[in-house]
Amino acid sequence: MTLIWTAPDALDFWDGYLDWTGLMQDRRQALLPPDPDGHAWAEPIFVRLRTDGLSLADARTALRALVNDPVSDYLMDPEEYRRLDGQAPVALPDEYALYRRLGADPAPVQDLFEIIDIGVAVDLDPDLPCNAEEMATENTAGAADAEEAEEDAARPEATPIIAILDDGLGFLNARFRRKRRNGGYRTRFQAVWLQSLEQTRPGADSRRAYVGTVLTRRQINRWLSALPALDESQVYGALNAQLFPREGHRTTDFSQSHGTLVLDLAAGADPDDADDPVTGWPLLGMQLPPQAIADTSGTHFESYMVQGVRWILAQAARIDPEAPVIINISLGMLAGPKDGTRFTDYQIAREACAWQARTGQPVRVVWSFGNNRLSRQVATLTAPGGKGGTGPAEIVWRAQPDDLSPSYVEIRPETGVCPTDLEVSVTTPDGTASGFAAMQPGQVRSLVNGAGEAVARLYLNPAHRLDGKTEQQPFWQVALAPTNALLAGDALAPAGGWRMAVRSRTSQDVTVHLQIQRGDSLPSYRPQGRQSYFDSPDAYAWDPELQNYWGLAPGCPITRDGTFNALASVTRRQIFSVGAAEWDPATATYRAPDYTSVGADWSVPQPTAATRADDSRIHWGVLASGTISGSVFALDGTSAAAGRLTRALGLSAARIVANTAAGNGTQMDDLDPGRLDLLPVPPGEAAQLGSAIVTGMGGARPRTL
């Protein structure tokens with residue numbers, strides 16, 4: 001196979017992830033039979049209204065006219081439109097999520113708003129069946145009946161609202177019910193947003209992009225009224241068939257689902273235990289589209305997550321505008337700037353802080369810190385400066401065979417160094433080298449095959465300004481096509497060792513951080529991704545911890561520092577990140593398990609805290625509920641830890657309210673030592689476990705032998 005690298009060339013793209021994903025979509029679409037329906041593709045965008053020439057009121061009026069215009073290239077989700085139309089509470093009134101049809105001319109709206117972020121294009125398919133008649137059609141919590149209204153009014157002060165963004169929510173599970181005063185059970189869920197890929201509807205609704213459906217508590221209670229004859233799996237199966245009629249992993253069709261397990265650890269309770277305060281905690285749930293979850297690089301789920309947080313805050317205001325809102329997000333990605341400037345972590349933190357400042361309602365966001373310590377996905381090189389005889393710094397990036405998904409690596413210089421002061425060379429497994437060439441932000445080099453199809457690209461991504469003080473810095477990125485064909489005729493990248501080389505264009509040596517983006521397959525999902533990794537002769541030393549030859553010798557460019565979740569990079573007062581702790585029965589102490597990620601001195605040095613996520617190395621994980629009531633499975637990792645810290649914050653709700661009112665304290669001050677135990681971290685493990693190991697909150701089932 002003949003491969004040739006092109007010279008640097010300017011390209012109109014937002015970032016390498018979107019450009020490469022779009023190229024893969026277009027290429028695979030061309031291999032399918034022609035689509036007679038001519039479906040309209042659109043890309044989610046997040047915008048900020050310009051108010052230098054218009055008043056904010058006039059700008060909103062102009063945006064409403066734009067998204068209501070039958071021939072406009074811009075559409076809105078119904079909840080976002082309610083926000084724009086003044087029917088939903090907002091924290092940032094001049095920022096909105098839209099959908100822009102691909103190929104739209106940006107000129108007519110450039111004076112109305114600026115684009116802050118762009119997501120992966122979606123097919124606004126009007127032919128998908130609309131939601132079933134019994135499913136809710138409004139993105140709002142259902143009204144309470146008389147008994148519910150009475151119980152809501154009697155809810156104690158500082159009762160927390162627990163919210164979760166995740167995959168697979170068993171919302172009918174008994175662990176999320178409360179017992180009625182006169183017998184029977186009601187749901188604790190106030191609303192559940194089951195997201196699916198966007199669709200439009202004919203007629204008056206054609207200007208809205210529907211993202212699944214929202215179930216109100218009234219709807220959920222109608223199902224629960226069938227107890228004890230209720231078949232939970234039948235309900236989930238019917239909903240999944242309607243939401244994902246053509247494709248998509250139906251997580252709640254399986255016996256265990258990630259979101260159900262995490263939420264049980266965060267806020268699950270025995271509904272018959274009247275003494276457990278958790279049975280009174282209201283719940284909100286948002287289940288992301290399975291297609292977004294299946295792409296473990298995170299490229300697809302960012303826009304959904306931001307919309308989800310905005311929806312959760314609006315719902316919380318309707319439930320109780322003074323109750324603390326604790327949002328669990330046990331999802332993430334590995335590569336990124338890790339300085340709080342990726343749009344998702346930036347915007348979620350911004351929404352949380354703005355909401356609390358505007359309304360006084362406390363908001364806390366809990367991120368899992370990550371499980372990639374041993375993944376060999378992070379490396380640090382020193383790019384030599386000067387034009388002398390010192391060669392460039394190099395490392396091998398191994399792309400695995402039979403990988404049906406794209407692979408990515410990000411290359412970022414240390415803080416304060418301009419990326420244009422670097423040069424990058426990429427050599428294929430067969431020795432085809434790009435060579436070094438100066439590039440400017442917005443330029444790319446493509447590796448093309450004999451048919452002229454790009455199978456890899458080297459990008460120098462442009463900067464993006466998020467606000468007057470915050471800017472995403474340019475960065476280098478390499479994208480590879482799959483190494484195995486999902487469809488016959490697809491252009492493939494060669495598997496094997498790709499050699500990455502960097503050098504400085506100045507007289508100074510430059511420290512360079514390389515991060516491979518996650519690209520594997522989740523359990524129970526269709527196998528598509530095979531994780532690429534860095535390789536080095538120094539990466540096979542004896543490791544006394546692991547008792548194998550998987551250790552990193554001194555001087556090895558592969559590092560375990562900085563292997564944490566890139567979305568857990570914001571150090572704001574409202575944001576928590578959680579590491580996993582493992583119980584060691586031999587010493588009756590906690591320690592960091594080998595998988596839990598490590599902070600870095602060039603980024604976030606450590607998580608906020610840790611909680612127990614493994615009962616031992618033999619009894620891995622902690623027990624939580626599966627999808628169906630009564631089932632029990634083990635969940636480990638920082639997802640389990642984040643669920644348990646969410647519970648700890650819920651038990652500390654009164655302290656959070658007091659701290660918010662006083663406007664002081666740190667994250668650790670939110671954790672109530674009167675209700676929790678804050679144990680010291682073993683020496684040398686703070687980079688994995690944070691400031692303390694939090695225990696005593698319950699929520700995990702005891703193991704029986």
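Which residues form one aromatic cluster with Phe171? Select Phe171, Trp223 and Tyr236, which together form that cluster. This is a predicted model, in which local features need pLDDT of at least 70, side-chain atom pairs count only at pLDDT 80 or more, and totals for chains, interfaces and linings use all residues. Residues are numbered from 1 along each chain as its sequence is written, and side-chain values use heavy atoms, with hydrogens and water left out.

Stay with Phe171 and Trp223, whose rings form a tilted aromatic pair, 6.0 Å centre to centre and with 45° between the planes (rings of Phe, Tyr and Trp, the last by its six-membered ring, pair if their centres lie within 6.5 Å; planes under 30 degrees apart count as stacked, over 60 as edge-to-face and the rest as tilted). Both Phe171 and Trp223 are buried (under 20% relative accessible area, where exposed is over 50% and partly exposed in between, with a 1.4 Å probe and protein chains only).

Next, select Tyr540 and Trp550, an edge-to-face pair at 6.0 Å centre to centre with 75° between the planes. Tyr540 is partly exposed at 39% relative accessibility, and Trp550 is partly exposed with a relative accessible area of 31%.

Finally, select His513, which is buried with a relative accessible area of 7%. Among the residues that His513 touches, not counting residues up to four places away in sequence, are Glu410 and Trp602 (contact means heavy atoms within 4.5 Å).
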